[in-house]
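These notebook entries record what I looked up in the structure.

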Amino acid sequence: EKLELVEGKVDWKGRSAVKYKHGGMKTAVLILGTLAFESMASLALAVNLVTYFNEVMHFELADAANELTNYMGTGFILSILMAILADTFFGRFKILLISGCFEFVGLALMTVQAHLPKLRPPVCNVFDPTAKCEKVEGGNAALLFIALYTMAASAAGLKATLPSHGADQFDESDPRETGQMSSFFNFLLLSVCLGGVVSVTLIVWVQDNKGWDWGFGLCTIAMFLGVVIFLAGLPVYRIQVIRGTSAIVEIVQVYVAAIRNRNLSLPEDPAELYEISKDKEASLEQEFLPHRPIFRFLDKASIQRGEVDEQQPPNPWKLCRVTQVENAKILLGLVPIFCCTIIMTLCLAQLQTFSIQQALTMDTSITKHFKIPPASLPIIPLAFLIIIIPVYDRVFVPIASKFTGIPSGITHLQRIGVGLVLSCVSMGVAGIMEVKRKDVAREHNMLLARPVLQPLPISTFWLSFQYFIFGIADMFTYVGLLEFFYSEAPKGLKSISTCFLWSSMALGYFFSTILVKIVNNATRGNTKSGGWLAGNNINLNHLNLFYWLLSLMSLINFFIYVFVTKRYKYRPGSPMLVSKKNKKEIEVNEF
């Protein structure tokens with residue numbers, strides 16, 4: 001019986017991957033399991049590190065928030081470098097495995113520092129105005145940041161390769177596997193939620209009640225299990241062939257060649273632009289894309305000055321193929337969408353920092369004998385997403401697909417837009433909840449009350465509304481972005497394409513740091529604490545105004561997004577242009 005091989009994929013021994021033996025959903029499950037354990041190890045850090053920085057390492061509240069967003073941002077922005085290394089030199093599988101091992105090492109270092117008193121500042125109550133708490137410094141600070149940024153670099157490698165390695169297990173030319181790939185991206189978020197539920201409940205509770213060393217230790221064990229599960233799939237993975245050349249370099253070549261040829265006139269017939277012969281041998285090894293009349297200035301990179309010898313390819317820094325130029329156009333077309341999603345993470349950063357500090361001032365009691373850790377509040381949207389994601393994938397998508405003819409039910413851009421609207425609503429609701437919290441503090445003369453020790457008589461569950469709404473926004477925007485960037489990107493940019501999402505999130509975290517400083521400087525004379533967000537007493541700040549500022553910025557951003565998406569042109573062969581009903585290319589109206 002003739003084996004059906006998968007084009008462009010090999011097994012772990014370098015042999016051509018065989019369909020039904022390698023890859024598919026059964027293999028993707030192992031990758032999802034790895035992600036679940038990685039999420040279990042890392043999500044507790046994302047929601048609770050600001051407390052660790054503030055109460056254990058004695059950073060001021062705003063500085064603690066900025067240290068967290070800088071750490072998160074670095075982990076996302078480095079994913080671009082990791083994706084280039086994966087596609088060009090090492091392969092996604094090796095980068096993923098190495099990154100998992102180094103994240104384990106980083107977590108182990110955090111565990112050791114939290115366990116040994118000599119490696120951290122003396123115990124001190126940062127909420128006591130008369131206390132003089134020593135901030136972490138010297139060798140201890142160096143150890144903290146080495147551990148943190150080892151984890152950040154490792155997390156970047158996982159983010160750059162794990163989603164694309166999972167998508168590699170499916171064949172985009174097979175309609176059945178294309179549908180499975182769409183489900184994989186939905187279940188990607190489900191895996192994050194399942195791991196996150198354990199992380200923000202069990203691990204956060206252990207950190208707050210048994211000690212940070214025990215909490216970091218559990219994170220270390222979770223990461224170890226994730227690496228073991230990933231290695232278990234080695235014999236059955238479809239592994240992407242290493243290109244040996246960087247697609248990013250090829251994109252840069254297009255811009256350099258276009259600038260060099262800027263004074264040349266474009267031919268009236270696009271067929272006169274340079275392209276290699278599309279014979280049978282070349283078509284098996286090379287990708288060919290048709291010319292599109294957009295971003296015409298880049299077409300100058302393909303203007304031929306004379307006859308080109310097929311036996312000796314031209315200097316790519318002076319003359320590029322039409323397909324190479326089209327890849328550059330695709331990437332350029334993604335940039336406006338990318339820019340419109342940055343503010344989503346800017347909002348998310350506040351839920352991981354200032355919302356946690358809000359919760360510290362409130363009543364966290366569930367029963368007389370049990371209190372929920374403030375950092376466990378994300379359990380609300382996570383639990384809801386665990387229920388709604390399978391319903392969305394198994395009920396909504398098939399029904400919507402029958403009407404739209406689109407495999408994912410609705411277009412990726414529509415899905416992203418819904419999330420952007422919900423993030424705007426979430427910040428508006430967060431501002432209202434902060435007004436209610438401060439009113440309670442004012443009514444009970446508790447504006448100077450110490451967080452945790454003197455909780456306000458208002459339940460922390462009032463904050464669940466903002467977490468709940470943003471959790472739904474997560475499902476729409478982040479999953480939609482991952483699938484959109486992966487499906488639209490050229491073949492050579494699949495790993496880098498998923499990094500568009502991580503880079504967007506990185507910029508969101510960095511902009512959060514910048515925005516906090518700008519707001520504090522601009523409002524320094526308007527509050528007793530020296531700024532809307534300054535100081536350690538959140539009761540004296542104007543956090544509600546900051547939330548509403550973000551809500552307004554999100555609303556303006558959404559209108560810009562609508563303007564951009566109406567002008568976006570899908571790449572040739574995109575699943576969004578193919579109707580399941582008639583298999584013909586159709587024009588899709590986004591809004």
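Entry 1, the core. I looked up the largest nonpolar core and found that it has 156 residues, with L49, Y52 and F546 making the most contacts inside it. Such a core is a set of buried Ala, Val, Leu, Ile, Met, Phe, Trp, Tyr and Cys residues joined through side-chain atoms within 4.5 Å. Its largest share, 16 residues, comes from helix α1, residues 25–56 (helices, H or I, of at least four residues are DSSP runs numbered from the N terminus).

The model is predicted: local features need pLDDT of at least 70 and side-chain atom pairs count only at pLDDT 80 or more, while totals for chains, interfaces and linings use all residues. Residues are numbered from 1 along each chain as its sequence is written, and side-chain values use heavy atoms, with hydrogens and water left out.

I set aside neighbours within four places in sequence and listed the contacts (heavy atoms within 4.5 Å) of F546: Q350, F354, L515, V516, V519, W532 and L533.

I searched the whole structure and found 1 disulfide, defined as a pair of cysteine sulfur atoms within 2.5 Å. C124 and C133 form the disulfide, with their sulfur atoms 2.0 Å apart. The torsion about their S-S bond is about -70°, so the disulfide is left-handed.

C193 is buried at 1% relative accessible area, whereas C101 is partly exposed at 37% (buried is under 20%, exposed over 50%, partly exposed in between, with a 1.4 Å probe and protein chains only).

Conventions. Helix = DSSP H or I, 4+ residues; strand = E, 2+ residues; numbered from the N terminus.
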